[in-house]
Amino acid sequence: MNRLLKTLGGFLAGCMLFAACFGSATAAVPVDHQSFQEFLESFYSEAATKGISRQTYDRAFASVTEPDARVLEKAAYQAEFTTKIWDYLDARVNPLSILDGRIMAGVYGKTLADIEARFGVDASIILAIWSMETSYGAALLRTSRLHYVPQALATIAYADKRRQKFGRTQLLASLEILQAGDVNIEQLNGSWAGAMGHTQFIPTSFLAYGVDFDNDGRRDIWNSIPDALATAANLLHTNKWRTGKPWGYEVTVPVNGASLQGETKTVAQWQKLGFVRPGGAALGYLEDNAVLKMIGGDDGPGFLMLRNFFVLKRYNNSDFYALSVALLADRLAGKPAMQQLWPRPAGSLSATQKFTLQELLAEKGFYSGGIDGRIGPNSKEAIKAFQHKRGLAPDGEPSQDLLQALQQ
Ligand SMILES: [Ca+2]
């Protein structure tokens, strides 16, 4: 379980549950010298060892005649991980995700309270995960981005040499899900690599953590918000989430403190060394172990990470991901925003300014995408078009100068 990618909506960000499962993409070449249909036929014997009936197997592939070409395209796309933490956070912890989360907290208040009571995981954490994975389900509405999971995974198993093992394992698990009747065949959809439903579980993780929280006999993370959110809570609970404890603390770093990054000490020991919370609030859980992380680099803020931060990384093994969940959850729980500034380069935009930038580009007819504060490929193309028209160097980069030019 782990996922990857940082693109547009939470949907592709949702692939995060599998980032650590595999590295870079590879060319789409059949692994053995078989046709796709031959592969599907030969794979049945393996499925049978997992108890998949011939009937289920034939049903799963009845309408599948060829590999999913879009899966191979996406598999070959290698995301460049040059994103800075502040840009990553701007796109995920912003006025929109906070507002939507507060609305969802109201709509699903009873469900969230019940989940909290059963699994001991705060409602704000569950909401933040839902936001990260599919923007509270909004990403699932973009059905053109969805893939039929058995076909997608069979494509990976058949044609993606690097991910062949992943594809085979997940394909088997997806067939088990189908056979168990948790979801109808036409709804067994997910990302190109099989991350499914509101909280984006790959099939093996679904089998391990899936919960039927609304008691209708199905673990339905595709259509049931209670099931999807409880499944996420179950993952954290099973990985020893500590109920009621924080994920960690933002701290100021004393002179030369950066050299201690990665070390584990009790909160009391860190305090003695001069690590304190900005704004003067007291540190808690003084006897708990904490790891010092400086996710924005040596010039950025410090964080003392407690156990729960590392439990969040079981969802997606990324400091960026876990910090984003943590900070969004804080805001949804009514706690203040981070107090220290990230060491952004001169001239770069704040989260709010990125929204303004998109609004201005849209007003002037250069941009027709979502106003979501995410400066992705579409926003950059719009910036280039504007720069071109104004006779500016078309670098596509958001900056204070660019914003000023737009405001004139
Ligand atoms: Ca259910």
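In this predicted model, Val71, Leu72 and Ala75 of helix H4 meet Ala152, Thr155, Ile156 and Ala159 of helix H9. The residues of this contact of H4 with H9 comprise six nonpolar, one polar and no charged.

**Helices H4 and H9**

- Helix H4 covers residues 69-76 and helix H9 covers residues 149-159; their axes lie 9 Å apart and form an angle of about 60 degrees.
- The crossing in which H4 passes H9 is right-handed.
- An α-helix has 3.6 residues a turn, so residues three or four places apart point the same way.

- A residue counts as buried if 20 or more other C-beta atoms lie within 10 Å of its own.
- Among the buried residues of H9 are Val149, Pro150, Gln151, Leu153 and Tyr158.

**Helices H6 and H8**

- Helix H6 (residues 95-107) and helix H8 (residues 123-134) cross at roughly 125 degrees, and their axes come within 10 Å.
- H6 and H8 are therefore oblique to each other, and their crossing is right-handed.
- On the H6 side, the contact is made by Ser97, Asp100, Gly101, Met104 and Ala105; on the H8 side, by Ala123, Leu127 and Ser131.
- The contact of H6 with H8 has four nonpolar, three polar and one charged residues.

**The residue Phe355**

- Phe355 belongs to helix H16, which spans residues 351-363.
- With 19 other C-beta atoms within 10 Å, Phe355 is partly exposed.
- Leaving aside residues up to four places away in sequence, Phe355 touches Ile371 and Gly373.
- Phe355 and Asn94 are separated by 261 residues in sequence, yet their C-alpha atoms are 9.5 Å apart in space.

**Domains**

- The domain assignment places residues 2-80 + 145-221 in domain 1, residues 248-332 in domain 2 and residues 351-407 in domain 3.
- Between the C-alpha centres of domain 2 and domain 3 there is a distance of 34 Å.

Note on methods. Residues numbered from 1 in each chain as written. Predicted model: local features only at pLDDT ≥ 70, side-chain atom pairs only at ≥ 80, totals over all residues. Domains from an automatic or database assignment. Axes fitted to C-alpha atoms, helices over the stretch in contact; angles between N-to-C directions. Helix = DSSP H or I, 4+ residues; strand = E, 2+ residues; numbered from the N terminus. Left-handed = near helix turned anticlockwise from the far one by under 90°. Contact = placed C-beta atoms within 7 Å. Nonpolar A, V, L, I, M, F, W, Y, C, P; charged D, E, K, R; others polar. Buried ≥ 20, exposed ≤ 12 C-beta atoms within 10 Å, placed from the backbone. Parallel < 35°, antiparallel > 145°, perpendicular 65-115°, else oblique.
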